[in-house]
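Work through the exercises below with the model open, and try each task before reading its solution.

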Amino acid sequence: MIFMPFFSQPFAIKSAMTELARFFVEIDKPVETIQFYEKFRFRYYCSKVIIKCWRVKDMKESFLSNVKSGIGDKFANILLNDLNWGFNESFTKLKEIRLFEIKKSSKHPITSKDEEAYESTIGSCKGSLQLGFQTLKLFHTITDGAIQIFDSPLFLPRIATLLSFLLHSLYSDENEKLQLHNIVGLKFKNDKLLKYAISI
C-alpha cells in the first residue's frame, strides 16, 4: 500500500496532517469550478486520510503542535458544520422517504413524478448519511485524542446542541413511530450513531 511509505517520510510526518486540515478548510471557499456538493465529497475522502494519519503518533503530535496557528479553530468549525448539515439533511430525507412509503402502502394514488422524487430523495439521503457518519467518525477519532481542539466556549455549546439533536432525532416519539432506522436499503444504523454520540 502506497499510503504508509509516503506518510512515513520526515516531511510528511511534519506537515501532512496540518496540510490536510488546511485543505479541509480551504475547499469550503466558493470556487466557480466546485459545485456545492463536491466540497462534501472532497472532505469525505480527506477525512479518511486524516483518520489514517491520526494513528501515526508522530503525525498526530506534529498536528497538535500546529493547532495554535489558527487552523485548529477553522478545522473544528468546518467539521461541526458538516456534521450539522449531514445529519439535518439525512433526517429530513428519511422522514420524506418514510412518509412516501406510508402513503404508498395505504393505497394512495402515486404518480410517476412522485416515484421520481422518491428515488431522488433516496439518492440524496444515502449521500448525506455517508457524509454524516464519516464526519462523525472523524470527530470521534479526534476528540478521543485531542479534545483541546474543541474545548472552548466557541465549540462546546455547538457540540452539546448537535448531540441533543442527534438523540432527539433518534428517539423522539414521532421518529420512533416512523421507524426511520428501519428503512430498507439505506443501511442506517441508529445503534452505531448512538454509540458515537455517547462516546463523544
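Predicted model: local features only at pLDDT ≥ 70, side-chain atom pairs only at ≥ 80, totals over all residues.

Residues are numbered from 1 along each chain as its sequence is written, and side-chain values use heavy atoms, with hydrogens and water left out.

**Exercise 1. Determine how many helices and strands the chain has.**

Solution. Take helices (H or I, at least four residues) and strands (E, at least two) as DSSP runs, numbered from the N terminus. The chain then has nine helices and zero strands, and the order of elements from the N terminus on is α-α-α-α-α-α-α-α-α.

**Exercise 2. Decide whether serine 47 is buried or exposed.**

Solution. Begin with the scale, on which buried means under 20% relative accessible area, exposed over 50%, and partly exposed in between (1.4 Å probe, protein chains only). Serine 47, which is found in helix H3 (residues 36–54), counts as buried because its relative accessibility is 2%. For the chain as a whole, 42% of the 200 residues count as buried. As a further step, locate alanine 21, whose C-alpha atom is 8.9 Å from that of serine 47, although the two residues are 26 apart along the chain.

**Exercise 3. Classify the ring pair of phenylalanine 100 and tyrosine 118.**

Solution. A pair of aromatic rings is described by the distance of the centres and the angle of the planes. Rings of Phe, Tyr and Trp (its six-membered ring) pair if their centres lie within 6.5 Å, and planes under 30 degrees apart count as stacked, over 60 as edge-to-face and the rest as tilted. By this rule there are eight aromatic pairs. One of them joins tyrosine 44 and tyrosine 45, which are edge-to-face at 5.0 Å centre to centre with 80° between the planes. The rings of phenylalanine 100 and tyrosine 118 are stacked, because their centres are 4.3 Å apart and their planes are at 20°. Since phenylalanine 100 lies in helix H5 (residues 71–105) and tyrosine 118 in helix H6, this pair ties together parts that are 18 residues apart in sequence. Both phenylalanine 100 and tyrosine 118 are buried.

**Exercise 4. Find which residues form one aromatic cluster.**

Solution. Phe87, Phe91, Phe133, Phe165 and Phe188 form this cluster.

**Exercise 5. State where lysine 137 lies and how exposed lysine 137 is.**

Solution. Lysine 137 lies in helix H6 (residues 112–145), and its relative accessible area of 34% makes lysine 137 partly exposed.
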